[in-house]
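Student: Please show me the model. I would like to go through its packing with you.

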Amino acid sequence: MRSEQQLRTFLRVLESYPEDRPLAKFLPEFFRKNKQMGSNDRRSASRLLYNYYRLGKTLPGRKIEERLFIAEFLCTAVDNPFLQHFRPELNEKIYLTLDDKISYLKEEYNFNLEDVFPFGPLSIGIDPEVFLKSFFVQPDLYIRIHPHKEDVVLFALSQTAIPFKQIGQYTLALPNGTNLNAIFSDTEFPTKPFEIQDLSSQQTLGSFKPNRYEYWWDACAASGGKSLLLFSEQPDLKLVVSDIRESVLDNLDERFINAGLRTYQKKVIDLTQNVDQVLHDYHFDGIILDAPCSGSGTWGRTPEMTSQFHEHKIQGFQNLQKTIASNVLKYLKPGKPLIYITCSVFKQENEDVVNYLISDHGLKLEMQEVLKGYENKADTMFAARLIKSDL
Ligand SMILES: C[S@@+](CC[C@H](N)C(=O)[O-])C[C@H]1O[C@@H](n2cnc3c(N)ncnc32)[C@H](O)[C@@H]1O
(Lines give C-alpha, C1' and ligand atoms only; values in the text may rest on other atoms or scores of the structure.)
Protein backbone atom coordinates (compact mmCIF):
# COMPACT_ATOMS: atom_id res chain seq x y z
CA MET A 1 0.00 0.00 0.00
CA ARG A 2 1.43 3.37 -1.03
CA SER A 3 0.70 5.30 2.18
CA GLU A 4 2.11 2.48 4.33
CA GLN A 5 5.28 2.58 2.24
CA GLN A 6 5.49 6.37 2.60
CA LEU A 7 5.19 6.08 6.36
CA ARG A 8 7.89 3.39 6.53
CA THR A 9 10.23 5.55 4.44
CA PHE A 10 9.52 8.61 6.59
CA LEU A 11 10.35 6.64 9.75
CA ARG A 12 13.55 5.31 8.22
CA VAL A 13 14.72 8.78 7.15
CA LEU A 14 13.80 10.28 10.53
CA GLU A 15 15.73 7.56 12.33
CA SER A 16 18.82 8.21 10.19
CA TYR A 17 18.68 11.97 10.69
CA PRO A 18 21.36 12.94 13.25
CA GLU A 19 19.79 16.39 13.91
CA ASP A 20 23.19 18.08 13.82
CA ARG A 21 22.88 19.62 10.38
CA PRO A 22 20.12 21.23 8.34
CA LEU A 23 17.55 18.94 6.73
CA ALA A 24 18.28 20.69 3.43
CA LYS A 25 21.84 19.28 3.58
CA PHE A 26 20.98 15.91 5.09
CA LEU A 27 18.15 14.92 2.73
CA PRO A 28 20.10 15.16 -0.56
CA GLU A 29 22.91 13.12 1.04
CA PHE A 30 20.41 10.52 2.23
CA PHE A 31 18.82 10.30 -1.20
CA ARG A 32 22.23 9.94 -2.87
CA LYS A 33 23.00 6.98 -0.63
CA ASN A 34 19.57 5.45 -1.25
CA LYS A 35 19.43 5.47 -5.02
CA GLN A 36 16.55 2.99 -5.11
CA MET A 37 14.21 5.82 -4.00
CA GLY A 38 12.34 7.26 -6.96
CA SER A 39 11.48 10.93 -7.31
CA ASN A 40 7.97 10.44 -5.89
CA ASP A 41 9.40 8.69 -2.82
CA ARG A 42 11.85 11.52 -2.33
CA ARG A 43 9.21 14.16 -2.69
CA SER A 44 6.84 12.55 -0.22
CA ALA A 45 9.64 11.81 2.29
CA SER A 46 10.78 15.46 2.15
CA ARG A 47 7.24 16.77 2.57
CA LEU A 48 6.50 14.49 5.54
CA LEU A 49 9.82 15.32 7.23
CA TYR A 50 9.40 19.08 6.86
CA ASN A 51 5.78 19.00 7.98
CA TYR A 52 6.68 16.79 10.94
CA TYR A 53 9.23 19.34 12.14
CA ARG A 54 6.74 22.17 11.72
CA LEU A 55 5.10 20.92 14.91
CA GLY A 56 8.14 22.21 16.81
CA LYS A 57 8.02 21.18 20.44
CA THR A 58 4.26 20.50 20.68
CA LEU A 59 2.72 17.20 21.72
CA PRO A 60 6.01 15.82 23.05
CA GLY A 61 4.42 12.76 24.66
CA ARG A 62 2.69 11.56 21.48
CA LYS A 63 3.99 8.79 19.25
CA ILE A 64 5.95 9.88 16.18
CA GLU A 65 3.24 8.61 13.82
CA GLU A 66 0.54 10.50 15.72
CA ARG A 67 2.55 13.72 15.56
CA LEU A 68 3.08 13.22 11.83
CA PHE A 69 -0.66 12.84 11.16
CA ILE A 70 -1.39 15.99 13.16
CA ALA A 71 1.36 17.86 11.29
CA GLU A 72 -0.07 16.75 7.95
CA PHE A 73 -3.50 17.90 9.09
CA LEU A 74 -2.20 21.34 10.04
CA CYS A 75 0.10 21.88 7.07
CA THR A 76 -2.05 20.73 4.16
CA ALA A 77 -5.19 22.38 2.88
CA VAL A 78 -6.20 19.95 0.12
CA ASP A 79 -7.45 16.38 0.14
CA ASN A 80 -4.59 14.27 1.54
CA PRO A 81 -4.56 10.56 0.52
CA PHE A 82 -1.90 9.80 3.16
CA LEU A 83 -4.11 11.20 5.92
CA GLN A 84 -7.19 9.59 4.39
CA HIS A 85 -5.48 6.23 4.75
CA PHE A 86 -4.37 6.60 8.36
CA ARG A 87 -6.71 9.21 9.85
CA PRO A 88 -9.78 9.69 7.63
CA GLU A 89 -11.46 11.66 10.44
CA LEU A 90 -8.71 14.31 10.09
CA ASN A 91 -8.73 14.31 6.29
CA GLU A 92 -12.48 14.94 6.46
CA LYS A 93 -11.65 18.26 8.15
CA ILE A 94 -8.74 19.16 5.88
CA TYR A 95 -10.60 22.17 4.38
CA LEU A 96 -11.14 23.84 7.76
CA THR A 97 -9.29 27.11 8.36
CA LEU A 98 -6.05 26.91 10.34
CA ASP A 99 -7.81 28.53 13.33
CA ASP A 100 -10.56 25.90 13.26
CA LYS A 101 -8.04 23.09 12.93
CA ILE A 102 -6.15 24.41 15.95
CA SER A 103 -9.38 24.64 18.01
CA TYR A 104 -10.29 21.09 17.00
CA LEU A 105 -6.84 19.77 17.98
CA LYS A 106 -7.04 21.61 21.29
CA GLU A 107 -10.25 19.76 22.12
CA GLU A 108 -9.32 16.35 20.80
CA TYR A 109 -5.56 16.14 21.32
CA ASN A 110 -4.81 18.68 24.02
CA PHE A 111 -2.81 20.65 21.42
CA ASN A 112 -1.28 23.89 22.68
CA LEU A 113 -0.11 26.42 20.06
CA GLU A 114 2.37 28.10 22.46
CA ASP A 115 4.31 24.83 22.76
CA VAL A 116 5.33 24.97 19.08
CA PHE A 117 7.97 27.59 19.86
CA PRO A 118 8.31 27.91 23.64
CA PHE A 119 11.11 30.50 23.57
CA GLY A 120 11.21 34.20 24.24
CA PRO A 121 10.68 36.99 24.97
CA LEU A 122 9.95 38.01 21.41
CA SER A 123 10.82 41.42 19.97
CA ILE A 124 8.34 44.21 20.55
CA GLY A 125 5.51 44.26 18.02
CA ILE A 126 5.60 40.56 17.10
CA ASP A 127 2.11 39.09 17.44
CA PRO A 128 2.88 35.73 19.11
CA GLU A 129 -0.23 33.98 17.84
CA VAL A 130 0.20 35.02 14.20
CA PHE A 131 3.93 34.25 14.43
CA LEU A 132 3.28 30.75 15.85
CA LYS A 133 0.66 29.96 13.23
CA SER A 134 3.10 30.91 10.47
CA PHE A 135 5.08 27.76 11.30
CA PHE A 136 2.41 25.67 9.57
CA VAL A 137 2.73 27.54 6.29
CA GLN A 138 5.63 27.02 3.91
CA PRO A 139 7.36 30.35 3.16
CA ASP A 140 7.52 31.68 -0.41
CA LEU A 141 10.62 32.06 -2.54
CA TYR A 142 11.41 35.74 -3.13
CA ILE A 143 13.52 37.31 -5.84
CA ARG A 144 14.79 40.85 -6.29
CA ILE A 145 14.99 41.83 -9.96
CA HIS A 146 18.01 43.84 -11.08
CA PRO A 147 17.21 47.42 -12.14
CA HIS A 148 15.87 47.66 -15.73
CA LYS A 149 15.41 43.87 -15.98
CA GLU A 150 11.76 43.80 -14.91
CA ASP A 151 10.40 43.15 -18.43
CA VAL A 152 12.84 40.32 -19.13
CA VAL A 153 12.02 38.52 -15.88
CA LEU A 154 8.25 39.04 -16.09
CA PHE A 155 8.21 37.86 -19.70
CA ALA A 156 10.22 34.68 -18.93
CA LEU A 157 7.91 33.84 -16.01
CA SER A 158 4.78 34.56 -18.02
CA GLN A 159 5.88 31.80 -20.45
CA THR A 160 5.55 29.26 -17.60
CA ALA A 161 2.57 28.06 -15.60
CA ILE A 162 4.22 29.14 -12.35
CA PRO A 163 1.95 31.36 -10.26
CA PHE A 164 3.95 34.37 -9.09
CA LYS A 165 3.01 37.55 -7.29
CA GLN A 166 4.57 40.96 -7.86
CA ILE A 167 5.11 42.61 -4.48
CA GLY A 168 6.89 45.75 -5.66
CA GLN A 169 8.68 47.04 -8.74
CA TYR A 170 11.61 44.67 -8.20
CA THR A 171 10.18 42.03 -5.85
CA LEU A 172 8.39 38.82 -6.82
CA ALA A 173 7.04 36.00 -4.65
CA LEU A 174 7.14 32.51 -6.15
CA PRO A 175 6.09 29.14 -4.76
CA ASN A 176 8.79 27.56 -2.65
CA GLY A 177 10.85 25.06 -4.62
CA THR A 178 10.41 26.86 -7.97
CA ASN A 179 13.27 25.75 -10.20
CA LEU A 180 14.56 29.12 -11.39
CA ASN A 181 17.53 27.49 -13.15
CA ALA A 182 15.13 25.74 -15.48
CA ILE A 183 13.44 29.03 -16.42
CA PHE A 184 16.57 31.21 -16.50
CA SER A 185 19.02 28.69 -17.99
CA ASP A 186 22.75 29.46 -18.10
CA THR A 187 22.72 29.41 -21.90
CA GLU A 188 19.89 31.92 -22.24
CA PHE A 189 20.83 33.96 -19.15
CA PRO A 190 24.62 33.78 -18.59
CA THR A 191 24.14 36.64 -16.13
CA LYS A 192 21.02 36.26 -14.02
CA PRO A 193 18.66 39.25 -14.08
CA PHE A 194 17.71 38.80 -10.39
CA GLU A 195 18.92 37.77 -6.93
CA ILE A 196 17.22 35.24 -4.72
CA GLN A 197 16.61 37.25 -1.59
CA ASP A 198 13.93 37.02 1.05
CA LEU A 199 11.34 39.81 1.24
CA SER A 200 12.39 41.01 4.71
CA SER A 201 16.04 40.99 3.73
CA GLN A 202 15.12 43.20 0.76
CA GLN A 203 13.21 45.49 3.12
CA THR A 204 16.27 46.17 5.28
CA LEU A 205 17.33 48.53 2.48
CA GLY A 206 14.98 51.14 3.97
CA SER A 207 17.42 51.67 6.86
CA PHE A 208 20.63 52.06 4.79
CA LYS A 209 20.19 55.54 3.20
CA PRO A 210 23.63 55.68 1.53
CA ASN A 211 24.93 58.79 -0.26
CA ARG A 212 27.01 59.01 -3.41
CA TYR A 213 30.77 58.37 -3.12
CA GLU A 214 30.53 57.29 0.53
CA TYR A 215 32.72 54.58 2.02
CA TRP A 216 30.70 51.64 3.41
CA TRP A 217 31.61 48.40 5.19
CA ASP A 218 29.48 45.26 5.09
CA ALA A 219 31.09 43.70 8.15
CA CYS A 220 29.45 40.26 8.18
CA ALA A 221 28.88 40.04 4.46
CA ALA A 222 28.56 36.26 3.87
CA SER A 223 27.64 35.95 0.19
CA GLY A 224 26.90 39.67 -0.01
CA GLY A 225 23.10 39.94 0.09
CA LYS A 226 23.11 43.28 1.92
CA SER A 227 25.99 44.72 -0.14
CA LEU A 228 24.10 43.95 -3.32
CA LEU A 229 21.08 45.79 -1.94
CA LEU A 230 23.25 48.73 -0.99
CA PHE A 231 24.75 48.78 -4.48
CA SER A 232 21.30 48.62 -6.11
CA GLU A 233 20.40 51.80 -4.21
CA GLN A 234 23.71 53.62 -4.67
CA PRO A 235 26.15 52.24 -7.30
CA ASP A 236 28.67 55.04 -6.68
CA LEU A 237 29.98 53.78 -3.36
CA LYS A 238 33.30 52.52 -2.14
CA LEU A 239 32.76 49.21 -0.45
CA VAL A 240 34.63 46.89 1.92
CA VAL A 241 33.17 43.45 2.59
CA SER A 242 34.35 41.04 5.25
CA ASP A 243 33.43 37.78 6.94
CA ILE A 244 35.12 35.22 9.13
CA ARG A 245 34.53 32.51 6.48
CA GLU A 246 36.62 32.67 3.34
CA SER A 247 34.38 30.19 1.49
CA VAL A 248 31.29 32.43 1.67
CA LEU A 249 33.29 35.34 0.32
CA ASP A 250 34.06 33.23 -2.76
CA ASN A 251 30.32 32.95 -3.40
CA LEU A 252 30.14 36.70 -2.92
CA ASP A 253 32.62 37.25 -5.78
CA GLU A 254 30.40 35.26 -8.11
CA ARG A 255 27.25 37.14 -7.11
CA PHE A 256 28.97 40.52 -7.38
CA ILE A 257 30.22 39.76 -10.90
CA ASN A 258 26.72 38.70 -11.89
CA ALA A 259 25.31 41.98 -10.54
CA GLY A 260 28.01 44.09 -12.20
CA LEU A 261 29.65 45.10 -8.90
CA ARG A 262 33.37 45.06 -9.67
CA THR A 263 35.22 47.43 -7.36
CA TYR A 264 35.27 46.39 -3.74
CA GLN A 265 37.77 45.24 -1.16
CA LYS A 266 37.40 41.90 0.50
CA LYS A 267 38.81 40.83 3.85
CA VAL A 268 38.63 37.66 5.91
CA ILE A 269 38.49 38.81 9.52
CA ASP A 270 37.29 37.60 12.88
CA LEU A 271 35.45 40.52 14.44
CA THR A 272 35.71 39.16 17.96
CA GLN A 273 39.44 39.96 17.74
CA ASN A 274 41.38 43.19 17.45
CA VAL A 275 41.42 43.89 13.69
CA ASP A 276 43.47 47.09 13.82
CA GLN A 277 46.27 45.56 11.79
CA VAL A 278 43.89 45.18 8.85
CA LEU A 279 41.64 48.20 9.35
CA HIS A 280 43.65 50.88 11.19
CA ASP A 281 43.35 53.38 8.32
CA TYR A 282 39.66 52.89 7.66
CA HIS A 283 36.93 55.35 8.60
CA PHE A 284 33.54 54.46 7.17
CA ASP A 285 30.50 56.57 6.33
CA GLY A 286 28.26 53.61 7.07
CA ILE A 287 28.61 50.10 8.51
CA ILE A 288 26.15 47.28 7.93
CA LEU A 289 26.34 44.71 10.71
CA ASP A 290 24.13 41.79 9.69
CA ALA A 291 25.16 39.95 12.81
CA PRO A 292 25.48 36.23 13.46
CA CYS A 293 22.31 35.27 15.33
CA SER A 294 19.99 32.42 16.30
CA GLY A 295 18.29 32.72 12.89
CA SER A 296 14.97 32.19 14.69
CA GLY A 297 13.18 34.46 12.21
CA THR A 298 14.01 32.02 9.42
CA TRP A 299 12.90 28.77 11.03
CA GLY A 300 9.79 28.68 8.85
CA ARG A 301 12.28 27.53 6.17
CA THR A 302 14.27 25.28 8.51
CA PRO A 303 11.56 24.04 10.91
CA GLU A 304 13.87 21.31 12.26
CA MET A 305 15.68 24.11 14.14
CA THR A 306 12.66 24.73 16.34
CA SER A 307 12.89 21.32 17.97
CA GLN A 308 16.70 21.30 18.07
CA PHE A 309 17.18 24.74 19.66
CA HIS A 310 18.04 25.33 23.32
CA GLU A 311 17.04 28.65 24.84
CA HIS A 312 20.36 29.14 26.66
CA LYS A 313 22.02 29.68 23.25
CA ILE A 314 20.34 33.10 22.91
CA GLN A 315 22.65 34.57 25.55
CA GLY A 316 25.69 33.29 23.64
CA PHE A 317 24.50 35.03 20.48
CA GLN A 318 23.88 38.25 22.38
CA ASN A 319 27.42 38.19 23.79
CA LEU A 320 28.82 37.67 20.29
CA GLN A 321 26.66 40.47 18.86
CA LYS A 322 27.75 42.93 21.56
CA THR A 323 31.43 42.04 21.06
CA ILE A 324 31.29 42.38 17.28
CA ALA A 325 29.24 45.59 17.38
CA SER A 326 31.65 47.16 19.90
CA ASN A 327 34.63 46.23 17.71
CA VAL A 328 33.28 47.63 14.45
CA LEU A 329 32.24 50.99 15.94
CA LYS A 330 35.84 52.13 16.14
CA TYR A 331 35.93 52.32 12.31
CA LEU A 332 32.74 54.37 11.94
CA LYS A 333 33.01 58.14 11.44
CA PRO A 334 31.20 60.27 14.07
CA GLY A 335 27.70 61.27 12.99
CA LYS A 336 27.43 58.23 10.67
CA PRO A 337 25.12 55.19 10.86
CA LEU A 338 25.62 51.66 12.10
CA ILE A 339 22.92 49.46 10.58
CA TYR A 340 22.35 46.60 12.99
CA ILE A 341 20.44 43.66 11.48
CA THR A 342 19.47 40.19 12.66
CA CYS A 343 17.15 37.48 11.39
CA SER A 344 16.14 36.75 14.96
CA VAL A 345 12.78 37.24 16.67
CA PHE A 346 14.29 37.44 20.15
CA LYS A 347 14.32 40.72 22.06
CA GLN A 348 17.63 39.68 23.64
CA GLU A 349 19.32 39.72 20.21
CA ASN A 350 17.47 42.78 18.95
CA GLU A 351 16.26 45.61 21.22
CA ASP A 352 18.54 44.53 24.07
CA VAL A 353 21.66 44.81 21.86
CA VAL A 354 20.43 48.17 20.56
CA ASN A 355 19.93 49.37 24.16
CA TYR A 356 23.45 48.24 25.01
CA LEU A 357 24.84 50.22 22.05
CA ILE A 358 22.98 53.29 23.26
CA SER A 359 23.92 52.97 26.93
CA ASP A 360 27.49 51.73 26.65
CA HIS A 361 28.63 53.35 23.39
CA GLY A 362 26.54 56.52 23.31
CA LEU A 363 24.91 55.72 19.97
CA LYS A 364 21.70 57.54 19.09
CA LEU A 365 18.81 55.41 17.86
CA GLU A 366 17.32 56.79 14.66
CA MET A 367 14.94 53.92 13.94
CA GLN A 368 14.38 50.25 14.72
CA GLU A 369 11.81 47.89 13.32
CA VAL A 370 10.77 44.28 13.16
CA LEU A 371 10.24 43.22 9.55
CA LYS A 372 7.28 40.95 10.09
CA GLY A 373 7.90 38.31 7.47
CA TYR A 374 5.62 35.93 9.37
CA GLU A 375 2.70 37.96 7.96
CA ASN A 376 3.97 37.51 4.38
CA LYS A 377 5.28 33.94 4.07
CA ALA A 378 8.76 35.37 4.52
CA ASP A 379 11.54 35.53 7.13
CA THR A 380 11.18 37.79 10.15
CA MET A 381 14.07 40.20 10.64
CA PHE A 382 15.10 43.15 12.77
CA ALA A 383 16.86 46.31 11.57
CA ALA A 384 18.05 49.34 13.53
CA ARG A 385 19.82 52.50 12.40
CA LEU A 386 22.06 53.97 15.10
CA ILE A 387 24.19 57.08 14.77
CA LYS A 388 27.66 57.37 16.30
CA SER A 389 27.97 60.39 18.53
CA ASP A 390 29.91 63.44 17.24
CA LEU A 391 31.99 63.72 20.42
C1 LIG B 1 23.55 36.69 9.15
S2 LIG B 1 24.99 36.19 8.34
C3 LIG B 1 25.26 37.49 7.19
C4 LIG B 1 24.35 37.43 5.96
C5 LIG B 1 24.75 38.37 4.86
N6 LIG B 1 24.94 39.71 5.32
C7 LIG B 1 23.73 38.34 3.72
O8 LIG B 1 22.98 39.33 3.54
O9 LIG B 1 23.68 37.36 3.00
C10 LIG B 1 26.22 36.47 9.55
C11 LIG B 1 27.63 36.26 9.07
O12 LIG B 1 28.49 36.58 10.15
C13 LIG B 1 29.67 35.83 9.99
N14 LIG B 1 30.39 35.79 11.28
C15 LIG B 1 30.15 35.00 12.35
N16 LIG B 1 31.04 35.23 13.31
C17 LIG B 1 31.88 36.18 12.86
C18 LIG B 1 33.03 36.83 13.39
N19 LIG B 1 33.48 36.52 14.60
N20 LIG B 1 33.64 37.75 12.63
C21 LIG B 1 33.20 38.05 11.38
N22 LIG B 1 32.13 37.48 10.83
C23 LIG B 1 31.47 36.55 11.55
C24 LIG B 1 29.18 34.47 9.53
O25 LIG B 1 30.19 33.78 8.84
C26 LIG B 1 27.98 34.85 8.65
O27 LIG B 1 28.33 34.81 7.30
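Predicted model: local features only at pLDDT ≥ 70, side-chain atom pairs only at ≥ 80, totals over all residues.

Tutor: Residues are numbered from 1 along each chain as its sequence is written.

Student: How many residues surround the ligand, and which are the closest?

Tutor: A residue is near a molecule if its C-beta atom, placed from the backbone, lies within 6 Å of it. The shell holds 15 residues. The closest are Cys220, Ala222, Gly225, Leu271 and Asp290.

Student: How does the shell around the ligand divide by class?

Tutor: Ala, Val, Leu, Ile, Met, Phe, Trp, Tyr, Cys and Pro count as nonpolar, Asp, Glu, Lys and Arg as charged, and the others, Gly among them, as polar. The shell has seven nonpolar, three polar and five charged residues.

Student: Why is helix α12 largely enclosed by the rest of the structure?

Tutor: Helices (H or I, at least four residues) and strands (E, at least two) are DSSP runs, numbered from the N terminus. A residue is buried if 20 or more other C-beta atoms lie within 10 Å of its own, exposed if 12 or fewer, and partly exposed in between, with C-beta atoms placed from the backbone. Gly225, Lys226 and Ser227 are among the buried residues of α12. Helix α12 (residues 225–233) is largely enclosed because the buried residues number seven of the nine.

Student: Which elements do the buried residues of α12 pack against?

Tutor: Contact means C-beta atoms, placed from the backbone, within 7 Å. The partners are β4, α11, β5, β6, α13 and β8.

Student: Are α3 and α4 roughly parallel or roughly perpendicular to each other?

Tutor: Axes are lines fitted to C-alpha atoms, for helices over the stretch in contact, and angles run from 0 to 180 degrees between N-to-C directions. The axes of α3 (residues 39–54) and α4 (residues 64–75) come within 8 Å and cross at roughly 90°. Angles under 35 degrees count as roughly parallel, over 145 as roughly antiparallel, 65 to 115 as roughly perpendicular and the rest as oblique. So α3 and α4 are roughly perpendicular.

Student: At what angle do the axes of α16 and α17 cross, and what is that arrangement called?

Tutor: The axes of α16 (residues 313–329) and α17 (residues 351–361) come within 10 Å. They cross at roughly 40°. The two helices are therefore oblique.

Student: Is lysine 93 buried or partly exposed?

Tutor: Lysine 93 sits in the loop between α6 and α7. It touches Lys101 and Tyr104, not counting residues up to four places away in sequence. Because lysine 93 has 14 C-beta neighbours inside 10 Å, it counts as partly exposed.

Methods: Contact = placed C-beta atoms within 7 Å.
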